[in-house]
Amino acid sequence: MFIDAHAHYEDEAFDADRVEIFEKIQKAGCEAVIDAAQDVKTAELILSMAEQYPFLYANIGVHPHCAALFKDEDMGEIEEMAKHPKCVAVGEIGLDYHYDFSPRDRQKQVFREHIRLARKISKPVVVHDREAHQDTLDILQEEKADECGCLIHCYSGSREMAKIIMKRDYYVSIGGAVTFKNARHIIEALEVIPLERILLETDCPYMTPVPYRGKRNDSELIPFTAKKIAEIKSVSLDSVFEITRNNTKDFFGLK
Ligand code: NI
């Protein structure tokens, strides 16, 4: 049994067969899924899914890509949704300097406001950091994210950054990218991240692990990612499943 700590099943890529996929992944051993919002609209969709499906939980927040279009007056609606019992974290939030779809100042502002919200409602944050490592670390520290708990999803930082975030008691979630040919950096970083701080994720429909890279991703493919982590950590596949599953339950407060 395993848990998918970060997915996007509200994505239109699943519109045609979402119900079948949910049945399939549960049969494959996926016990729970944490689905992360991008904006107000996806947050509403995910919450309605979470109300319908007991195994599905929500992260509510505004992705850096959507920060430009996000209106400050909608923060109240985000807060209301984030208080929902099936919302287990504020996310996904953060900075993306690779695409720069939103101006960086706006990304930073929306990121900070969400960390403040997370602390206010005592739920952890789930962070997206793409080519924005230093600013991400600075803002998380200035806004005291360690007080609410912090997960860096789809970790792509260096080994040095990993040491810093381990000192701060953050967690990381690892997806299909660890199986890619160019995964050397992630593998080096994972050497200084204990298994007790690692969660498994898909980020589906994206980030499909080898040997299915290029196809649509879903939680059934998590064992390929877990197997790679088992190799890196020289432990059994079962211990990776068991430990990451416990980590995910602890981090999000799942029963
Ligand atoms: Ni994501």
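Visitor: Hi! Is E31 buried, exposed or partly exposed?
Guide: Hello! In this predicted model, E31 is partly exposed, with a relative accessible area of 24%.

Visitor: And what does the side chain of E31 meet in a salt bridge?
Guide: That would be the side chain of R245, with 2.6 Å from N to O. The two come from distant parts of the chain: E31 sits in strand β2 (residues 30–36) and R245 in helix α9 (residues 237–252), 214 residues apart.

Visitor: What about R245, is that one buried or partly exposed?
Guide: R245 is partly exposed, at a relative accessible area of 21%.

Visitor: Why can side chains pair up like that?
Guide: Side chains of opposite charge can pair because their charged atoms come close.

Visitor: How many salt bridges does the structure hold?
Guide: There are 21 salt bridges. Another one of them joins E143 and R116, whose closest N and O atoms are 2.8 Å apart.

Visitor: Where do E143 and R116 lie?
Guide: E143 is in the loop between α5 (133–142) and β6 (150–152), while R116 is in helix α4 (residues 104–121), so this pair ties together parts that are 27 residues apart in sequence.

Visitor: Is E143 buried or exposed?
Guide: E143 counts as buried, because its relative accessibility is 7% and the cut-off for buried is under 20%.

Visitor: Is E80 buried or exposed?
Guide: E80 counts as exposed, with 52% relative accessibility. K83 is partly exposed, with a relative accessible area of 42%.

Visitor: New topic! Which residues are the protein donors of the nickel ion?
Guide: The nickel ion has H6 (NE2), H8 (NE2), E92 (OE) and D203 (OD), which lie 2.2 to 2.3 Å from it. Along the sequence, their spacing reads H-x1-H-x83-E-x110-D.

Visitor: Where do H8 and E92 lie?
Guide: H8 lies in the loop between β1 (2–7) and α1 (18–27), and E92 lies in strand β4 (residues 87–96), so the pair ties together parts that are 84 residues apart in sequence.

Visitor: Are H8 and E92 buried or exposed?
Guide: H8 is buried, and E92 is buried too.

Visitor: Last one: what angles are found among the four donor atoms?
Guide: The angles run from 82 to 172 degrees, and the site of the nickel ion is irregular.

Terms used
Residues numbered from 1 in each chain as written. Predicted model: local features only at pLDDT ≥ 70, side-chain atom pairs only at ≥ 80, totals over all residues. Heavy atoms only, no water. Salt bridge = Lys/Arg side-chain N within 4 Å of Asp/Glu carboxyl O. Helix = DSSP H or I, 4+ residues; strand = E, 2+ residues; numbered from the N terminus. Buried < 20%, exposed > 50% of the residue type's maximum accessible area, 1.4 Å probe, protein only. Donors = N, O, S within 2.8 Å, 3.2 Å for Na, K, Ca; no water. Tetrahedral: all angles 85-135°; square planar, octahedral: opposite > 155°, others 65-115°.
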